[in-house]
Amino acid sequence: MVDIIEKKRDGEILSKEEISFFIEQYTNGSIPDYQVSALLMAIYFEGMTAEEQGFLTMAMVESGDQIDLSPIEGIKVDKHSTGGVGDTTTLILAPLVAACGVPVAKMSGRGLGHTGGTLDKLEAIEGFHIELTQEQFVRQVNDLKLAVIGQSGNLTPADKKLYALRDVTSTVDSIPLIASSIMSKKIAAGADAIVLDVKTGDGAFMKSIKDAEALAKSMVAIGQEVGRNTMAVISDMSQPLGFAIGNALEVKEAIETLKGEGPEDLTELCLVLGSKMIVAGGKAETLEEARAQLQQVIQDGSALRLFGEMVEVQGGNREMIENPSLLPAAKYQIEVQAQEDGYITQMEADEIGIAAMLLGAGRATKEDKIDLAVGIMLKKKIGDRVMKGEPLAVIHSNTENVDKSKELIMKHIHISPEKVEKPSLIHEMIT
Ligand code: URA
Ligand code: CA
């Protein structure tokens, strides 16, 4: 291990054997944290080649269970978002793409942070089960083309252990380490092809476009190294996506979007990512052709129907999909009004996410319980005109005192006399 640390410290390239050695021995407890900390810091400063990142990714994949999706017919395309505020895309994309014939065998997570993850949102639907056996999962995807479940098995234990160590050694912000961490989880979950949504802006992990681009390029290169068709879209998170932030509110927004009545930005992002998934899944030759298929399954209602079918098969109350007013609703709806006339110039997504979390829409610690009904409905987006007294947002809360959230929203939605352009939604595509 000392030789491996020294080699990376001196800017040399590690071999496959060296990388596998340290991952295996660290996972089984034979190498102490302090040596791995030193290696992580050396990687932080010296970086890793695409080939090294590929070796690291596969070593982490092999450190635990791998989901075998081979009994599912077709190319299994997974999607991953690096996370943002009010990002409801999985709930929309999964049925949308499945309705076009691409099998979606999705394992999702819970959220730690501003709002719930996909699983939390799905649990806003009464009775919905996120636990299926491997057999049930495969059977459901073969029958229906669609299943969304929680993670089962012991996937990428090396990543879990490394991530915890990075967290306390200031080595999280290393592009090769982030890229291999994300890719290892997708590959262990059985993806043949991976479409990445790398967010940039205030509400994102990668604040600058330059960093988002570097991360996207690293992940696409890893995909190439390890033989998984991988592509990335860099999308805007300088303001929350769509209007809804909060679990049941986002389920409602997803249903509206599946009907073709969703917010413009959320709809467009789903069409862009969905088109890539359909081409990767071999169901269309071009992005234009794929987009037309997606628009078709929105218009003819088949994507929404499939979402309802999945809910029913997984034990959920399908009526809630047909009639979203049955979803959990908060007791109070409290308007946040503009204090002046002008244009919205900035909506700090991360701060608005915190406002939603304070209402109970997200978790501050792993143990916190989410209130599925609460959240924020934005009434304006960047570039919109607003008059004094008009609502900027509506807070959905189960308590009357929402002063803190209200204050955060007012403070972080900026209004100015000069109009600004809407931020562009898609900054770049990397294939
Ligand atoms: N998300 C991950 O899954 N891994 C990282 O290293 C950083 C963000
Ligand atoms: Ca949203």
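This is a short tour of the structure, stop by stop, with something to select at each one.

**Before you start**

You're looking at a predicted model, where local features need pLDDT of at least 70, side-chain atom pairs count only at pLDDT 80 or more, and totals for chains, interfaces and linings use all residues. Residues are numbered from 1 along each chain as its sequence is written, chains are lettered from A and ligands numbered from 1 in the order in which they are written, and side-chain values use heavy atoms, with hydrogens and water left out.

The protein chain has a mean of 95, and 100% of its residues reach 70 or more. For the complex, the predictor gives an ipTM of 0.90 and a pTM of 0.94.

**Stop 1: helix α8**

Select residues 157-167, which make up helix α8. Helices here are DSSP runs of H or I with at least four residues, strands are runs of E with at least two, and both are numbered from the N terminus. Which residues of α8 are buried? They are P157, A158, D159, L162, L165 and R166. Buried means under 20% relative accessible area, exposed means over 50%, and partly exposed is in between (1.4 Å probe, protein chains only).

Now show α2 (16-27), α3 (33-46), α4 (50-61) and α9 (175-188): the buried residues of α8 pack against these helices.

**Stop 2: Q25**

Stay with helix α2 and pick Q25, which lies in it. With a relative accessible area of 22%, Q25 is partly exposed. Leaving out residues up to four places away in sequence, Q25 touches S30 and I31; a contact means heavy atoms within 4.5 Å. Then draw a line from the C-alpha atom of Q25 to that of S63: they're 38 residues apart along the chain and separated by 9.9 Å.

**Stop 3: the calcium ion**

Zoom in on ligand 2, a calcium ion. Which protein atoms are its donors? Select G86 (O), L241 (O), A244 (O) and E253 (OE), lying 2.4 to 2.5 Å from the ion. Donors are N, O and S atoms within 2.8 Å of the metal (3.2 Å for Na, K and Ca), and water is not among the atoms, so sites may look incomplete. Along the chain, the donors follow the spacing G-x154-L-x2-A-x8-E. Two of them are worth a check for burial: L241 is buried at 1% relative accessible area, and A244 is buried too, at 0%.

**Stop 4: strand β11**

Select 391-397, strand β11. Six of its seven residues are buried, so β11 is largely enclosed by the rest of the structure.

**Stop 5: residues 343-416**

Finally, select 343-416, where UniProt (unreviewed entry) places "domain: Pyrimidine nucleoside phosphorylase C-terminal". UniProt positions are given in the numbering used here, feature names are shortened, and annotations may be inferred rather than shown by experiment. The span is 28% helix and 30% strand, and its end C-alpha atoms lie 5 Å apart.

Next, find the open sheet of three strands in the order β10-β8-β12, with antiparallel pairing. β10 (385-386) and β12 (413-416) are at the edges with a single partner strand each, so one side of each has no neighbour in the sheet. Between β8 (residues 342-347) and β10 there are two bridges, with G342 opposite V386.

Note on methods: pLDDT = per-residue confidence, 0-100. Pairing = 2+ DSSP bridges.
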